[in-house]
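Here are my notes on the model you sent. They are set out as numbered points, to be read beside the sequence and the structure.

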Amino acid sequence: MTGIIDVGGGMRGIYTAGVYDYLLDHNISLDYCLGVSAGSANLVSYLAGQRGRNRRFYTNYANRREYMSLHNFVTTGSYVDVDYIYSTLSDSHGEDPIDYAAFEANPSQYVAVATDARTGMARYFTRADVHPDDFSVVKASCCLPIACRPYRIDGIPYFDGGVADPVPYRKALEDGCDKIIVLLTRPRDFRRPPLSHPHVAQLALHTYPKALEALLQRHLRYNQAVEEVIELEMQGKALLLAPADIDGISTLKRNGLAMDRLYGYGYQDGAKLEAFLNH
(Lines give C-alpha, C1' and ligand atoms only; values in the text may rest on other atoms or scores of the structure.)
Protein backbone atom coordinates (compact mmCIF):
# COMPACT_ATOMS: atom_id res chain seq x y z
CA MET A 1 0.00 0.00 0.00
CA THR A 2 1.32 3.42 -0.96
CA GLY A 3 0.58 6.42 1.22
CA ILE A 4 1.05 10.16 0.97
CA ILE A 5 1.70 12.36 4.00
CA ASP A 6 1.10 16.09 3.63
CA VAL A 7 2.60 18.04 6.55
CA GLY A 8 0.80 21.31 5.78
CA GLY A 9 2.36 24.71 6.42
CA GLY A 10 -0.30 27.40 6.08
CA MET A 11 0.17 29.53 2.97
CA ARG A 12 3.09 27.34 1.90
CA GLY A 13 0.49 24.63 1.28
CA ILE A 14 0.04 26.04 -2.21
CA TYR A 15 3.11 23.93 -3.04
CA THR A 16 1.21 20.71 -2.41
CA ALA A 17 -1.81 22.16 -4.21
CA GLY A 18 0.41 22.05 -7.29
CA VAL A 19 1.36 18.44 -6.60
CA TYR A 20 -2.31 17.41 -6.33
CA ASP A 21 -3.29 19.18 -9.54
CA TYR A 22 -0.55 17.24 -11.33
CA LEU A 23 -1.89 14.00 -9.87
CA LEU A 24 -5.44 14.84 -10.94
CA ASP A 25 -4.29 15.84 -14.42
CA HIS A 26 -2.61 12.45 -14.77
CA ASN A 27 -5.31 10.37 -13.05
CA ILE A 28 -2.95 9.25 -10.28
CA SER A 29 -4.52 7.90 -7.10
CA LEU A 30 -3.00 6.71 -3.84
CA ASP A 31 -4.12 4.10 -1.34
CA TYR A 32 -3.71 6.16 1.79
CA CYS A 33 -3.78 9.92 2.41
CA LEU A 34 -2.71 11.47 5.73
CA GLY A 35 -2.90 15.22 6.25
CA VAL A 36 -1.60 17.61 8.87
CA SER A 37 -3.08 21.10 9.19
CA ALA A 38 -3.51 22.63 5.72
CA GLY A 39 -2.47 19.25 4.34
CA SER A 40 -5.65 17.70 5.72
CA ALA A 41 -7.68 20.28 3.77
CA ASN A 42 -5.71 19.97 0.54
CA LEU A 43 -6.20 16.22 0.56
CA VAL A 44 -9.99 16.57 0.78
CA SER A 45 -10.09 18.55 -2.48
CA TYR A 46 -7.70 16.07 -4.09
CA LEU A 47 -9.78 13.07 -3.05
CA ALA A 48 -12.91 14.85 -4.27
CA GLY A 49 -11.24 15.29 -7.66
CA GLN A 50 -11.61 19.07 -7.62
CA ARG A 51 -8.69 20.29 -9.67
CA GLY A 52 -7.75 23.91 -8.97
CA ARG A 53 -9.88 24.20 -5.85
CA ASN A 54 -6.93 24.23 -3.44
CA ARG A 55 -5.17 26.89 -5.47
CA ARG A 56 -8.21 29.17 -5.35
CA PHE A 57 -8.22 29.09 -1.57
CA TYR A 58 -4.61 30.28 -1.40
CA THR A 59 -4.69 32.85 -4.19
CA ASN A 60 -8.27 34.18 -3.96
CA TYR A 61 -10.01 33.61 -0.65
CA ALA A 62 -6.98 33.98 1.61
CA ASN A 63 -6.90 37.68 0.74
CA ARG A 64 -10.25 38.25 2.41
CA ARG A 65 -10.51 39.68 5.90
CA GLU A 66 -12.97 36.93 6.83
CA TYR A 67 -10.33 34.29 6.04
CA MET A 68 -7.54 35.61 8.23
CA SER A 69 -6.92 39.04 9.71
CA LEU A 70 -6.23 41.02 12.83
CA HIS A 71 -9.92 41.92 12.75
CA ASN A 72 -10.73 38.23 13.22
CA PHE A 73 -8.26 37.99 16.08
CA VAL A 74 -9.67 41.01 17.89
CA THR A 75 -13.31 40.01 17.47
CA THR A 76 -13.08 36.21 17.86
CA GLY A 77 -9.68 35.43 19.40
CA SER A 78 -8.60 33.56 16.25
CA TYR A 79 -6.53 35.12 13.45
CA VAL A 80 -7.67 32.40 11.01
CA ASP A 81 -11.41 31.75 10.85
CA VAL A 82 -11.60 28.03 10.20
CA ASP A 83 -15.42 28.16 10.21
CA TYR A 84 -15.38 30.65 7.34
CA ILE A 85 -12.92 28.56 5.34
CA TYR A 86 -14.29 25.07 5.92
CA SER A 87 -17.99 25.86 6.39
CA THR A 88 -19.04 29.20 4.87
CA LEU A 89 -16.97 28.67 1.72
CA SER A 90 -16.89 24.88 1.61
CA ASP A 91 -20.36 23.66 2.61
CA SER A 92 -22.82 22.43 -0.01
CA HIS A 93 -24.38 25.90 -0.30
CA GLY A 94 -21.05 27.72 -0.02
CA GLU A 95 -19.19 29.75 -2.61
CA ASP A 96 -16.78 26.93 -3.45
CA PRO A 97 -18.32 23.70 -2.09
CA ILE A 98 -16.50 20.45 -1.59
CA ASP A 99 -17.90 17.65 -3.75
CA TYR A 100 -18.71 15.53 -0.75
CA ALA A 101 -20.22 12.70 -2.80
CA ALA A 102 -16.99 12.35 -4.78
CA PHE A 103 -14.90 12.56 -1.60
CA GLU A 104 -17.00 9.85 0.06
CA ALA A 105 -16.88 7.60 -3.02
CA ASN A 106 -13.09 7.74 -3.31
CA PRO A 107 -11.71 4.39 -2.09
CA SER A 108 -8.48 5.88 -0.70
CA GLN A 109 -8.12 5.97 3.07
CA TYR A 110 -8.23 9.45 4.57
CA VAL A 111 -6.67 10.44 7.90
CA ALA A 112 -6.35 13.89 9.49
CA VAL A 113 -4.27 14.52 12.60
CA ALA A 114 -5.05 17.07 15.31
CA THR A 115 -3.52 17.70 18.75
CA ASP A 116 -5.62 17.16 21.86
CA ALA A 117 -5.03 20.41 23.75
CA ARG A 118 -5.58 18.69 27.11
CA THR A 119 -2.96 15.98 26.64
CA GLY A 120 -0.65 17.31 23.93
CA MET A 121 -1.10 13.97 22.14
CA ALA A 122 -2.05 13.33 18.53
CA ARG A 123 -5.58 12.30 17.60
CA TYR A 124 -6.00 10.66 14.22
CA PHE A 125 -9.40 11.19 12.64
CA THR A 126 -10.59 9.14 9.68
CA ARG A 127 -13.11 9.45 6.89
CA ALA A 128 -15.74 8.12 9.31
CA ASP A 129 -15.37 11.37 11.27
CA VAL A 130 -16.17 13.52 8.22
CA HIS A 131 -19.80 14.17 7.33
CA PRO A 132 -21.75 16.25 4.81
CA ASP A 133 -21.24 19.93 5.64
CA ASP A 134 -19.18 18.92 8.67
CA PHE A 135 -15.42 19.19 8.23
CA SER A 136 -14.73 19.70 11.93
CA VAL A 137 -11.72 17.40 11.80
CA VAL A 138 -10.09 19.65 9.20
CA LYS A 139 -10.83 22.71 11.32
CA ALA A 140 -9.22 21.04 14.34
CA SER A 141 -6.18 19.95 12.35
CA CYS A 142 -5.68 23.52 11.05
CA CYS A 143 -6.17 25.33 14.37
CA LEU A 144 -2.84 27.09 14.88
CA PRO A 145 -1.85 27.53 18.53
CA ILE A 146 -1.26 31.14 19.65
CA ALA A 147 -2.92 32.45 16.46
CA CYS A 148 -6.20 30.66 17.17
CA ARG A 149 -8.35 29.52 20.02
CA PRO A 150 -8.62 25.71 20.19
CA TYR A 151 -11.33 24.13 18.07
CA ARG A 152 -13.70 21.87 19.96
CA ILE A 153 -15.13 18.56 18.78
CA ASP A 154 -17.53 16.87 21.18
CA GLY A 155 -16.31 19.27 23.85
CA ILE A 156 -12.64 18.35 23.42
CA PRO A 157 -10.29 21.24 22.48
CA TYR A 158 -7.88 20.64 19.62
CA PHE A 159 -4.93 22.45 18.08
CA ASP A 160 -3.04 22.00 14.83
CA GLY A 161 -1.94 18.41 14.24
CA GLY A 162 1.62 19.54 13.59
CA VAL A 163 2.07 20.32 17.27
CA ALA A 164 1.95 16.66 18.31
CA ASP A 165 2.99 14.89 15.10
CA PRO A 166 4.51 17.27 12.54
CA VAL A 167 5.62 14.56 10.07
CA PRO A 168 3.40 11.55 10.86
CA TYR A 169 5.05 9.03 8.57
CA ARG A 170 5.15 6.40 11.34
CA LYS A 171 1.34 6.44 11.48
CA ALA A 172 1.24 5.63 7.77
CA LEU A 173 3.60 2.70 8.27
CA GLU A 174 1.58 1.46 11.25
CA ASP A 175 -1.56 1.60 9.13
CA GLY A 176 -0.01 -0.71 6.54
CA CYS A 177 1.85 1.45 4.04
CA ASP A 178 5.01 -0.10 2.64
CA LYS A 179 5.87 2.89 0.43
CA ILE A 180 5.34 6.50 1.44
CA ILE A 181 5.53 9.92 -0.16
CA VAL A 182 6.13 12.79 2.25
CA LEU A 183 5.29 16.32 1.13
CA LEU A 184 7.11 19.09 2.98
CA THR A 185 6.47 22.78 2.41
CA ARG A 186 9.97 23.89 3.32
CA PRO A 187 13.21 22.88 1.56
CA ARG A 188 14.36 19.38 2.44
CA ASP A 189 17.51 20.67 4.15
CA PHE A 190 15.50 22.96 6.46
CA ARG A 191 15.65 21.99 10.12
CA ARG A 192 13.20 23.63 12.45
CA PRO A 193 14.79 25.78 15.20
CA PRO A 194 13.36 26.03 18.73
CA LEU A 195 10.28 28.23 19.10
CA SER A 196 11.49 31.82 18.73
CA HIS A 197 9.20 33.44 21.32
CA PRO A 198 8.44 30.81 23.97
CA HIS A 199 7.13 33.41 26.41
CA VAL A 200 4.33 34.27 23.98
CA ALA A 201 3.41 30.60 23.74
CA GLN A 202 3.50 30.29 27.51
CA LEU A 203 1.10 33.19 27.86
CA ALA A 204 -1.26 31.98 25.12
CA LEU A 205 -1.32 28.34 26.22
CA HIS A 206 -1.13 28.68 29.98
CA THR A 207 -4.40 26.79 30.37
CA TYR A 208 -3.08 23.92 28.22
CA PRO A 209 0.33 23.01 29.69
CA LYS A 210 0.56 19.68 27.84
CA ALA A 211 -0.08 21.38 24.50
CA LEU A 212 2.54 24.00 25.39
CA GLU A 213 5.06 21.28 26.18
CA ALA A 214 4.33 19.58 22.85
CA LEU A 215 4.73 22.88 21.00
CA LEU A 216 8.09 23.57 22.63
CA GLN A 217 9.30 20.10 21.60
CA ARG A 218 7.88 20.22 18.06
CA HIS A 219 11.15 21.18 16.40
CA LEU A 220 12.86 18.08 17.75
CA ARG A 221 10.12 15.77 16.44
CA TYR A 222 10.06 17.47 13.05
CA ASN A 223 13.81 17.32 12.56
CA GLN A 224 14.09 13.70 13.65
CA ALA A 225 11.23 12.61 11.43
CA VAL A 226 12.69 14.31 8.36
CA GLU A 227 16.03 12.58 8.94
CA GLU A 228 14.26 9.23 9.29
CA VAL A 229 12.29 9.75 6.08
CA ILE A 230 15.51 10.59 4.23
CA GLU A 231 16.93 7.28 5.49
CA LEU A 232 13.86 5.46 4.19
CA GLU A 233 14.28 7.30 0.89
CA MET A 234 17.82 5.95 0.59
CA GLN A 235 16.35 2.47 1.03
CA GLY A 236 13.86 3.05 -1.77
CA LYS A 237 10.87 2.96 0.61
CA ALA A 238 10.04 6.65 0.60
CA LEU A 239 10.05 9.77 -1.52
CA LEU A 240 10.52 13.17 0.09
CA LEU A 241 9.22 16.06 -1.98
CA ALA A 242 9.93 19.64 -0.93
CA PRO A 243 10.25 22.99 -2.68
CA ALA A 244 13.76 24.14 -3.50
CA ASP A 245 12.80 27.67 -2.41
CA ILE A 246 9.74 29.10 -0.65
CA ASP A 247 10.42 32.70 -1.78
CA GLY A 248 9.88 34.10 1.70
CA ILE A 249 6.37 32.68 2.16
CA SER A 250 5.59 31.86 5.78
CA THR A 251 2.66 30.17 7.48
CA LEU A 252 0.47 33.29 7.46
CA LYS A 253 2.24 35.49 4.90
CA ARG A 254 0.65 36.06 1.49
CA ASN A 255 2.58 37.01 -1.64
CA GLY A 256 0.80 36.50 -4.95
CA LEU A 257 3.74 36.13 -7.33
CA ALA A 258 5.75 34.00 -4.91
CA MET A 259 2.74 31.76 -4.31
CA ASP A 260 2.26 31.25 -8.04
CA ARG A 261 5.89 30.16 -8.29
CA LEU A 262 5.53 27.82 -5.33
CA TYR A 263 2.44 26.26 -6.94
CA GLY A 264 4.52 25.75 -10.09
CA TYR A 265 7.29 24.03 -8.13
CA GLY A 266 4.71 21.64 -6.73
CA TYR A 267 3.21 20.87 -10.12
CA GLN A 268 6.65 20.12 -11.54
CA ASP A 269 7.52 17.89 -8.59
CA GLY A 270 4.37 15.87 -9.20
CA ALA A 271 6.29 14.20 -12.04
CA LYS A 272 8.83 12.91 -9.49
CA LEU A 273 6.01 11.36 -7.52
CA GLU A 274 4.71 9.65 -10.64
CA ALA A 275 8.17 8.26 -11.41
CA PHE A 276 8.45 6.90 -7.86
CA LEU A 277 5.11 5.12 -8.14
CA ASN A 278 6.07 3.58 -11.46
CA HIS A 279 9.52 2.44 -10.34
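Predicted model: local features only at pLDDT ≥ 70, side-chain atom pairs only at ≥ 80, totals over all residues.

1. Pro 166 is in contact (heavy atoms within 4.5 Å) with Val 7, Val 36, Gly 161, Arg 218, Arg 221 and Tyr 222, once its neighbours within four places in sequence are left aside. The residue sits in the loop between helix 8 (161-164) and helix 9 (169-174); helices here are DSSP runs of H or I, at least four residues, and strands are runs of E, at least two, numbered from the N terminus. Pro 166 is buried, at a relative accessible area of 7%. Buried means under 20% relative accessible area, exposed over 50%, and partly exposed in between, with a 1.4 Å probe and protein chains only.

2. Residues are numbered from 1 along each chain as its sequence is written, and side-chain values use heavy atoms, with hydrogens and water left out.

3. How many salt bridges does a search of the whole structure find? The search finds 13, a salt bridge being a side-chain nitrogen of Lys or Arg within 4 Å of a carboxyl oxygen of Asp or Glu. Asp 96 pairs in this way with Arg 53, and their closest N and O atoms are 3.6 Å apart. This pair links distant parts of the chain, 43 residues apart: Asp 96 lies in the loop between helix 5 (82-88) and helix 6 (100-105), and Arg 53 in helix 3 (residues 53-59). Asp 96 is buried, at 6% relative accessible area, and Arg 53 is buried as well, at 4%.

4. Arg 64 and Glu 95 form another salt bridge, with the closest N and O atoms 2.8 Å apart. Here too distant parts of the chain are linked, 31 residues apart: Arg 64 is in the loop between helix 3 and helix 4 (70-76), and Glu 95 in the loop between helix 5 and helix 6. Arg 64 is partly exposed, with a relative accessible area of 27%; Glu 95 is partly exposed, at 48%.

5. Is each partner buried or partly exposed in the salt bridge between Arg 118 and Asp 116? Arg 118 is partly exposed, at 48%, whereas Asp 116 is buried, at 8%. Their closest N and O atoms are 2.7 Å apart. Elsewhere, a network of salt bridges links Asp 21, Asp 25 and Arg 51.

6. Asn 54 belongs to helix 3 and is buried, at 7% relative accessibility. Apart from neighbours within four places in sequence, Asn 54 has contacts that include Ala 17, Tyr 20 and Tyr 46.

7. Tyr 110 touches, among others, Cys 33, Leu 43, Phe 103, Phe 125 and Val 138, not counting residues up to four places away in sequence.
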